[in-house]
Number of protein chains: 2
Amino acid sequence: MTMTAKKPRVPAAATRERLLDAAEALFAQHEFDAVTIREVAELAQARLGLNHYYFKSKEELFRQVLARRVEELSKLRLDMLARFRSETNTAALPVEKIVEAMICPLLELSLGQDEGWKSYVRLNGRVATSEKYLRMAEGLYDPIAQIFIEELGRSLPSCSRAQLEWGFLFLVSVMSGTFSESGRVERLSDGAQRSSDLSAAYRAMVPFIAAGLRAISPEK
Amino acid sequence: MTMTAKKPRVPAAATRERLLDAAEALFAQHEFDAVTIREVAELAQARLGLNHYYFKSKEELFRQVLARRVEELSKLRLDMLARFRSETNTAALPVEKIVEAMICPLLELSLGQDEGWKSYVRLNGRVATSEKYLRMAEGLYDPIAQIFIEELGRSLPSCSRAQLEWGFLFLVSVMSGTFSESGRVERLSDGAQRSSDLSAAYRAMVPFIAAGLRAISPEK
DNA sequence: GTCTATAGCTTGATAGAC
DNA sequence: GTCTATCAAGCTATAGAC
């Protein structure tokens with residue numbers, strides 16, 4: 001037998017995936033410039049040089065971290081939206097259902113077993129308020145945004161396009177602010193609440209946003 | 001006359017204030033680790049070493065940038081709240097008024113002539129979603145938060161303390177997300193709207209948040 | 001208070017052997 | 001694909017003259 005064992009240093013996932021997992025975890029904890037590609041390599045049990053081999057630059061690594069998750073997340077949101085639509089006879093959905101289809105998949109992934117998704121959700125919570133992150137995420141979130149804005153328009157026909165856009169931004173802000181788990185709630189409540197108690201937040205969030213969106217409408 | 005001219009290199013503000021102004025402008029544009037104290041010194045027309053003389057460390061410089069503004073902002077918010085209360089006979093204010101007292105001062109400062117305040121408002125919009133920023137801002141925003149949460153409690157007596165805390169967090173999230181001017185709205189609207197059109201946002205924001213807060217309440 | 005100079009590290013990127 | 005070694009540039013913090 002001439003077969004010589006390849007013996008990969010780490011048996012589990014492919015190197016590229018391990019680097020993405022490590023970067024995801026670190027970017028969820030620290031801002032872009034505070035994370036070094038050396039830390040990423042170390043956490044991934046890979047060598048520094050491999051970052052360059054797979055991603056060429058740190059910015060591209062960051063973008064790939066987001067892109068890997070956004071595709072699946074967008075699919076889940078659209079699936080839920082489609083399901084709600086198939087259950088409704090009328091053309092327009094209740095606003096609550098649209099809000100739910102946007103936020104619920106994020107909540108479920110965040111409460112699931114996958115640590116990677118937990119990290120992504122926390123990271124995602126910070127993307128919306130940063131110019132730099134939005135630039136690196138260029139185009140990743142826009143298709144979903146357009147679809148949900150149009151859906152909101154059907155349910156709130158008296159709203160102008162501009163009002164719908166602001167409303168959607170408010171929705172995203174509440175969702176992001178809450179899921180980023182910055183620890184703000186712990187401080188407000190003297191430790192009684194944990195920002196990781198996302199289910200409680202979700203139960204308050206959906207009625208909050210739905211009622212808010214209706215209130216923007218000129219015809220109340 | 002034995003008086004010898006002191007001849008300061010730059011006539012205007014004291015060095016410490018110029019460094020704070022410069023840091024404020026740069027931290028408004030870039031994340032903490034992306035701003036170097038060299039840039040700060042250069043923009044302030046001062047020497048690198050003076051950062052250490054006045055602030056000892058970069059983190060303390062950041063904290064002082066926030067602290068300088070927060071004191072005045074908190075005063076404006078409390079003034080407005082007190083004015084609304086003096087205009088109302090009943091014990092509880094309409095929720096709208098509480099929301100206004102929190103957000104309106106920020107809007108007015110942002111629309112004013114002072115570029116420093118504009119920078120601060122943009123920076124402030126990112127503080128709430130970042131663990132690191134909140135740590136550096138330790139305690140700066142908490143007194144205002146407690147006062148406004150209690151005020152909300154009087155207007156929404158059927159809400160639990162936990163619900164009020166989530167509601168306040170949602171309020172802050174919407175405010176922050178909008179005032180951070182990340183350029184998200186421009187992308188959503190294909191350039192038709194500008195995130196700097198904050199007046200339009202404000203007109204939608206107050207009814208949105210007020211209706212949202214009422215919807216959290218168990219007794220609608 | 002303000003200046004210069006620099007110590008002591010860390011960074012992202014990459015070249016080139018295997 | 002993976003490894004080592006290193007480059008050139010940047011950083012914060014600080015010492016010490018004036």
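How do the residues of the surface near DNA strand D divide into nonpolar, polar and charged? In this predicted model, that surface has six nonpolar, six polar and four charged residues.

## Surfaces near the DNA strands

DNA strand D is surrounded by 16 residues, and the closest are A:Thr15, A:Arg47, A:Gly49, B:Thr36 and B:His52. Two or more residues of this surface come from each of α3 (48–55) of chain A, α2 (37–43) of chain B and α3 (48–55) of chain B. The largest share, four residues, belongs to α3(A).

Around DNA strand C there are 17 residues, of which A:Thr36, A:His52, A:Ser57, B:Thr15 and B:Gly49 come nearest. Here the elements that give two or more residues are α2 (37–43) and α3 of chain A, together with α3 of chain B. The most is given by α3(B), with four residues. By class, the surface near DNA strand C comprises seven nonpolar, six polar and four charged residues.

## Symmetry of the two chains

Chain A is superposed on chain B by a rotation of 180° with 0.0 Å of shift along its axis, at an RMSD of 0.0 Å. The two copies are therefore related as by a two-fold rotation axis. Within chain A, the C-alpha nearest the axis belongs to A:Gly212, at 2.3 Å from it. Both copies use the same surface, since 100% of the contact residues of chain A recur in chain B.

## Contact between chains A and B

The contact between the chains takes 50 residues from chain A and 50 residues from chain B. On the side of chain A that touches chain B, two or more residues come from each of α6 (115–127), α7 (131–136), α8 (142–155), α9 (161–179), α10 (184–188) and α11 (198–216) of chain A. The largest share of this side, 14 residues, is supplied by α9(A). The residues of this side divide into 25 nonpolar, 15 polar and 10 charged.

The largest nonpolar core holds 129 residues, and A:Met205 and B:Met205 touch the most other members. At least three residues of this core come from each of domain 1 (12–56) and domain 2 (69–216) of chain A. Apart from its neighbours within four places in sequence, B:Met205 is in contact with A:Phe170, B:Ile103, B:Val174 and B:Thr178.

The domain assignment divides chain A into domain 1 (12–56) and domain 2 (69–216). Taken over C-alpha atoms, the centres of these two domains of chain A are 28 Å apart. Their contact takes six residues from domain 1 and six residues from domain 2 of chain A. On the side of domain 1 that touches domain 2 in chain A, four residues are nonpolar, none is polar and two are charged.

## Backbone residues with positive phi

Most residues other than glycine have a negative phi. A:Gln45 has a positive phi near 50° and is not a glycine. This residue, A:Gln45, is found in the loop between α2 and α3 of chain A. A:Gln45 counts as partly exposed because it has 13 C-beta neighbours inside 10 Å.

A:Lys56 also has a positive phi, of about 70°, although it is not a glycine. The location of A:Lys56 is the loop between α3 and α4 (58–87) of chain A. With 10 other C-beta atoms within 10 Å, A:Lys56 is exposed, as a residue counts as exposed if it has 12 or fewer such neighbours.

Technical notes: Residues are numbered from 1 along each chain as its sequence is written. Chains are lettered from A and ligands numbered from 1 in the order in which they are written. This is a predicted model: local features need pLDDT of at least 70, side-chain atom pairs count only at pLDDT 80 or more; totals for chains, interfaces and linings use all residues. A residue is near a molecule or strand if its C-beta atom, placed from the backbone, lies within 6 Å of it. Ala, Val, Leu, Ile, Met, Phe, Trp, Tyr, Cys and Pro count as nonpolar, Asp, Glu, Lys and Arg as charged, and the others, Gly among them, as polar. Two residues are in contact if their C-beta atoms, placed from the backbone, lie within 7 Å. A nonpolar core is a set of buried Ala, Val, Leu, Ile, Met, Phe, Trp, Tyr and Cys residues joined through C-beta atoms within 7 Å. A residue is buried if 20 or more other C-beta atoms lie within 10 Å of its own, exposed if 12 or fewer, and partly exposed in between; C-beta atoms are placed from the backbone. Domain bounds come from an automatic or database domain assignment. Copies are superposed by least squares on the C-alpha atoms of residues with pLDDT of at least 70 in both.
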